[in-house]
Amino acid sequence: MVVVGAGPAGLFAAGYLRCRGFEVVVVDRNPEPGGFLIFGVLEKHIDKEGVRRGVEELRRLGVVFRLNTVVGRDVLLGDLIGESDAVLIATGTWRSRRLGIPGSELPQVMPAMEWIVWYHMWRYGYRGDRPPVGERVVVVGGGLTAVDAVIVARWLGAREVHLVYRRTREYAPAGPRGFREAEEAGAVVHELVQPVEYIGEAGRLVAVRLQRMRLEPSPGGGRPRPVPVPGEYLVLEADMVLEAVGLVPTPPFDGGSYGIRLRPDGTIDVDEYKRTTREPVFAAGDVAHGPSLIGPAAKSGLEAARAIEAYLAGRLGWRTS
Ligand SMILES: Cc1cc2nc3c(=O)[nH]c(=O)nc-3n(C[C@H](O)[C@H](O)[C@H](O)COP(=O)(O)OP(=O)(O)OC[C@H]3O[C@@H](n4cnc5c(N)ncnc54)[C@H](O)[C@@H]3O)c2cc1C
């Protein structure tokens, strides 16, 4: 069977299925397995050598890794489906959502996740060019990627880093703890503000215009909604912006989606057994349930692996809708 994507979901599934006696090939676009475990999460948050030892253990058990291979470009998903008794898609969320406000086209306005991946590619010797960093960096967002972007910007030599978030830290995905970590790394935190324009001069970013926000109760419950305070703006000087405002699921499709249905948010539609709408394709991890954390992604991969085992043994049929 084939696993597409060597993040925690794909690796846990591969390990389980190999231990149950199946031939497993893992295909990944990167030069090293691990997904965000290697190229996203910072070393201060995860034992990367432990991850690498785990991957070596999988290799020793007989899992085959086909790296530097983009499914959808170097090999087609349709061909993998045709050649395999089962396929697991675990390709995560490898594209940043963008704000798309005026000035976004300035070259100093970059997506934070891709920039952090670039940093790790450079740090581990897979890229020769160090990612650029400004003197005065504005990071936009309130999740783990935003906090990590602050930390990496400081490591790379940014003199000042400002973290801007449209709610307050209590309602941020990274929570008060993440914001404290950003402050400990030297960030100045600005809550209840939202960028509305990146201001450039002669093609270079010079400042960010921020709209003041306030919170109002959300009609459906849950986190309060940020709404603009009319007429209230402030301007922050900046020579670089890193946008960390969400990640988008990236199924390995090339033009065709092979009958694999997506939900409105772009995640792959799976049922309780991680079956997609196309037999024999399963999906797990962030590409199936949206951006999450290492634990839920690994759990989802394991659940898919158990379902694949049952399917290949003839104990589980295919979904009907
Ligand atoms: C900067 C950052 C920091 C984070 N920090 C934490 C943290 O501290 N703690 C925590 O619990 N979680 C953290 N997370 C979240 C966590 O890393 C993810 O939720 C988790 O890795 C998702 O696992 P996954 O297996 O679904 O996908 P991923 O880890 O994203 O792996 C997907 C794999 O699929 C491959 N792939 C994608 N498209 C293709 C294709 N077309 N062809 C071939 N291969 C492809 C990718 O190369 C990648 O190896 C962080 C995420 C980021 C971005």
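Predicted model: local features only at pLDDT ≥ 70, side-chain atom pairs only at ≥ 80, totals over all residues.
User: What makes the chain count as agreeing with a compact globule?

Analyst: Its radius of gyration does. For 321 residues, a compact globule would come out near 20 Å, and the chain has 21 Å, so the two agree. Along its principal axes, the C-alpha trace spans about 65 × 45 × 35 Å. Within that there are nine helices and 15 strands.

User: How much of the chain is buried, and what does buried mean here?

Analyst: The cut-off is under 20% relative accessible area. Buried residues make up 54% of the 321 in the chain.

User: Where do the charges sit on average?

Analyst: There are 40 positive and 39 negative charges, and their mean positions are 2 Å apart.

User: Let's go to helix H7. How do you know that its buried residues line one face?

Analyst: Start with the list: in H7, residues 175–184, the buried ones are Gly-175, Gly-178, Phe-179, Glu-181 and Ala-182. Looking down the helix axis, these buried residues fall within an arc of 155 degrees, so they line one face of H7. The face turned away from the buried side carries Arg-177 and Glu-184, which are exposed.

User: What covers the buried residues of H7, and what follows the helix?

Analyst: The cover includes helix H6 (144–155), strand S8 (160–165) and strand S9 (187–191). After H7 comes Gly-186, with a positive phi near 105 degrees.

User: Why is Leu-192 called partly exposed rather than buried?

Analyst: Buried needs under 20%, exposed needs over 50%, and partly exposed is in between. Leu-192 has 23% relative accessibility, so it counts as partly exposed. You'll find Leu-192 in the loop between S9 and strand S10 (193–201).

User: What makes the phi of Leu-192 worth a look?

Analyst: Most residues other than glycine have a negative phi. Leu-192 is not a glycine, yet its phi is positive, about 60 degrees. Lys-274 is another non-glycine with a positive phi, near 65 degrees.

User: And where is Lys-274, and is it buried or exposed?

Analyst: Lys-274 lies in the loop between S14 and S15. Its relative accessibility is 13%, so it counts as buried, given that the cut-off is under 20%.

User: How do you know that Gly-266 is buried too?

Analyst: Same test, under 20%. Gly-266 has 18% relative accessibility, so it counts as buried. Gly-266 lies in the loop between S14 and S15, and outside its sequence neighbours up to four places away it touches Pro-249 and Pro-251. Its C-alpha is 9.6 Å from that of His-289, a residue 23 positions along the chain from it.

User: What about Thr-276: why is it called buried, and what does it touch?

Analyst: Thr-276 has a relative accessibility of 0%, so it counts as buried. Thr-276 is found in the loop between S14 and S15. Leaving aside neighbours within four places, its contacts include Ile-260, Ile-268, Val-270, Phe-282 and Trp-318.

User: Why is Asn-30 called buried, and where is it?

Analyst: Asn-30 comes in at 6% relative accessibility, so it counts as buried. Its place is in the loop between strand S2 (25–27) and helix H2 (36–39). Beyond its sequence neighbours up to four places away, Asn-30 touches Phe-39, Leu-67, Asn-68, Trp-94 and Met-121.

User: Last one: why is Ala-112 called buried?

Analyst: Its relative accessible area is 0%, so Ala-112 is buried. Ala-112 lies in helix H5, residues 112–123. Not counting residues up to four places away, it touches Ser-96, Thr-145, Ala-149, Leu-242, Glu-243 and Ala-244. Ala-112 and Val-139 are 27 residues apart in sequence, with 8.0 Å between their C-alpha atoms.

Conventions. Residues numbered from 1 in each chain as written. Heavy atoms only, no water. Buried < 20%, exposed > 50% of the residue type's maximum accessible area, 1.4 Å probe, protein only. Helix = DSSP H or I, 4+ residues; strand = E, 2+ residues; numbered from the N terminus. Arc of directions from axis to C-beta. Contact = heavy atoms within 4.5 Å. Rg over C-alpha atoms; globule rule 2.2 N^0.38 Å. Lys, Arg positive; Asp, Glu negative; His and termini not counted. Charge placed at Lys NZ, Arg CZ, Asp CG, Glu CD.
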